[in-house]
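Hi everyone, thanks for coming.

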Amino acid sequence: MISEQTLSFVILAATMVLFVMGRLRYDLVAFLSLLAAVATGVVTYENAFKGFADDIVIIVGSALVVSAGVARSGLPEYVLQRAAPHIKSPYAVVMFVVTSVAVLSAFVKNIGALALMIPIALRMSRRVGPSPAQLLMPMSFAALIGGLTTLIGTSPNIIVSRFRVETTGQPFSLFDFAPVGAAIAFLGAVYLFVAFRLLPESRKPAATLDEVLDRQDYATEAFLPDGSPIMGEPLSKLIANLGDDVTINAAFRKEAHIAPLPDLAIEPGDVFILVGKPAALQAAIKRAGLRVEGEHRDMPQTATGENPRSIEAIVDPSSPLVGQSAGRMRLHARYDINLLAVSRNDRSFTERLRDIVLQEGDVLVIQGDPAELPERLRDLGCLPLAERAVPLGSVPNMLAPIGILLATMAAAAAGVVPVAIAFFAGAVAMVLFKALTPREAYAAVDWPILMMLGGLIPLSEAIQNNGGAEQIADFLAASAKGLPPSSIIALMMVTAMAATPFLNNAATVLVLAPIAVSFAQDLGYNPDAFLMAVAIGAACDFLTPTGHQCNTMVLRAGGYKFGDYARLGAPLTLLVLLAGVPLILFFWPL
């Protein structure tokens, strides 16, 4: 009869082969692995779905929601955009974006920090340099090393903390990773400041639909509300507050057109026609203390209690809007929607939105009830553009998300409540205080990763419980006999680095962490150093575009080839290994 250990290894090997082949989604591979484990008796019926209730799943999902709320607050963009005009050389651009991504990744999930910084970095690249190909990969690597510094920065840290609970009864705290992680992040950032020149300048990024659409400028209306601090100030002050990415095409006062001259004294109720990209318009309007015209109109309460949503839509040739203006169509009164902005390739608008005569091919930003918008767009003959997220008309609250993040981290760091409870409460608070809508909160969660974790955790536990992990550890201990501690820690780190491109970082830790614990116990060593080595190795894939979502995100945007990753990443991998091993042994002695 085949032993349970043997069955566990066969299922694990098959799982790893399917991960490497890449024919099936990794969450589906995890589900097949779970079903095979249950069918063979390796995992009992009672334990089959325990993984989905594990603290790892709760922490990862909740941290993603909290990160999304912070990113949506606009505060990081506000600070970065204030600093950006002072950056005036390619080297300064690299230092600025690499440092910013690394610091943000400590507190915001690293993939979220990278996504937040890419538009800012591309604008700086166009203005000062270097080319996107020399900028985006260093940013991706900075996001990976920045995530090493806190518990929530990257999934491997969260997962090894859970295995530490099983071993010692105590999880890693929020900042236990900081001594080793911050030192590696600092050394890695210094390397990236210099080594970005290893990447070719000439790579041309592939254009996506979003990028093509983002080349278009939108025209929107914004007005000065009563009590504004710039009331009575010259228009030049408003222009300065709006920044370089937004221009004033026209101004209106009490329905009359007025010349937008720099010395014009601003009055409450003045309406300005602003032109720019949606994200730039949103940030500029908030920065200048203006309000989007139409956003303040009453909207019917949605059935789900969600806030109105803004989407982009293109006017179809058969649309009843063709040849009509928004004012004449009475869009708000008849359709319960607000027209917030209009874009047309060959036209820069100076008239009020309600007076623009629409044409086929015009791109509109429309705000309305999320449940009703699809039907309204069909009625108006408009086609939604791939459900792109458009922030215009949804002014974020800066203070609430930052306060929630600080409270969450303080509660977790002080041990007032378990980390899972702290971040779950933080995620709920993000929705409760309207930093995110329920739809945005659910969209922020990387569901395939959570499903993969839930599916693999029972198999990982079974390998621990049936002695499989200990058997592998015995083999490693025999092989490592006579090796110095530094070589053993390096072996664990290199193994994790080698496995991550094929398994992804979370799966790598789920497979290697129980083996690392047993390996350490067989040698009579403290398992903390081994867990740290696995976490760092799994989080640091600098050699391929597939081992981490950050590397995949910049692949097309930077126009990279597969070999470009090793060109910049191989020396960084060696640096992490050479610095990481002594740092681990110093801060987590065996």
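Before we go on, a word on what you are seeing. This is a predicted model, in which local features need pLDDT of at least 70 and side-chain atom pairs count only at pLDDT 80 or more, while totals for chains, interfaces and linings use all residues. Residues are numbered from 1 along each chain as its sequence is written, and side-chain values use heavy atoms, with hydrogens and water left out.

Now the overall picture. The chain has 25 helices and 9 strands; these are DSSP runs, H or I of at least four residues for helices and E of at least two for strands, numbered from the N terminus. Of the 590 residues, 54% are buried, where buried means under 20% relative accessible area, exposed over 50% and partly exposed in between, with a 1.4 Å probe and protein chains only. If we take contacts (heavy atoms within 4.5 Å) between residues at least 6 apart in sequence, 81% join residues at least 24 apart.

Back to α12, then. This helix spans residues 278-288, and its buried residues are Pro 278, Ala 280, Leu 281, Gln 282, Ala 284, Ile 285 and Ala 288.

Arg 330, with phi near 50°, sits in the loop between α13 (326-329) and α14 (331-335). Asp 336 has a positive phi too, about 55°, and is found in the loop between α14 and β7 (338-343). With a relative accessible area of 34%, Asp 336 is partly exposed.

Next, a helix pair. The axes of α3 (residues 55-72) and α8 (residues 155-168) come within 10 Å and cross at roughly 155°. Axes here are lines fitted to C-alpha atoms, for helices over the stretch in contact, and angles run from 0 to 180 degrees between N-to-C directions. The two helices are therefore roughly antiparallel; the cut-offs are under 35 degrees for roughly parallel, over 145 for roughly antiparallel, 65 to 115 for roughly perpendicular, and oblique for the rest. On the α3 side the contact is made by Ile 56, Ile 59 and Val 60, and on the α8 side by Ser 155, Ile 158, Ile 159 and Arg 162.

Let's move to the rings. There are 10 aromatic pairs in the structure, counted when rings of Phe, Tyr and Trp (its six-membered ring) have centres within 6.5 Å; planes under 30 degrees apart are stacked, over 60 edge-to-face and the rest tilted. One of them is the edge-to-face pair of Phe 172 and Trp 588, at 5.5 Å centre to centre with 80° between the planes. Phe 172 lies in the loop between α8 and α9 (178-195), Trp 588 in the segment after α25 (562-587), and they are 416 residues apart. Phe 172 is buried at 1% relative accessibility, and Trp 588 is buried at 14%. Ring pairs also bring in Phe 177, giving a cluster of Phe 172, Phe 177 and Trp 588.

One last stop: Asp 541, in the loop between α23 (527-539) and α24 (549-557). Asp 541 is buried, at 2% relative accessibility. How far apart in space are Asp 541 and Phe 141? They are 8.5 Å apart, C-alpha to C-alpha, and 400 residues apart in sequence.
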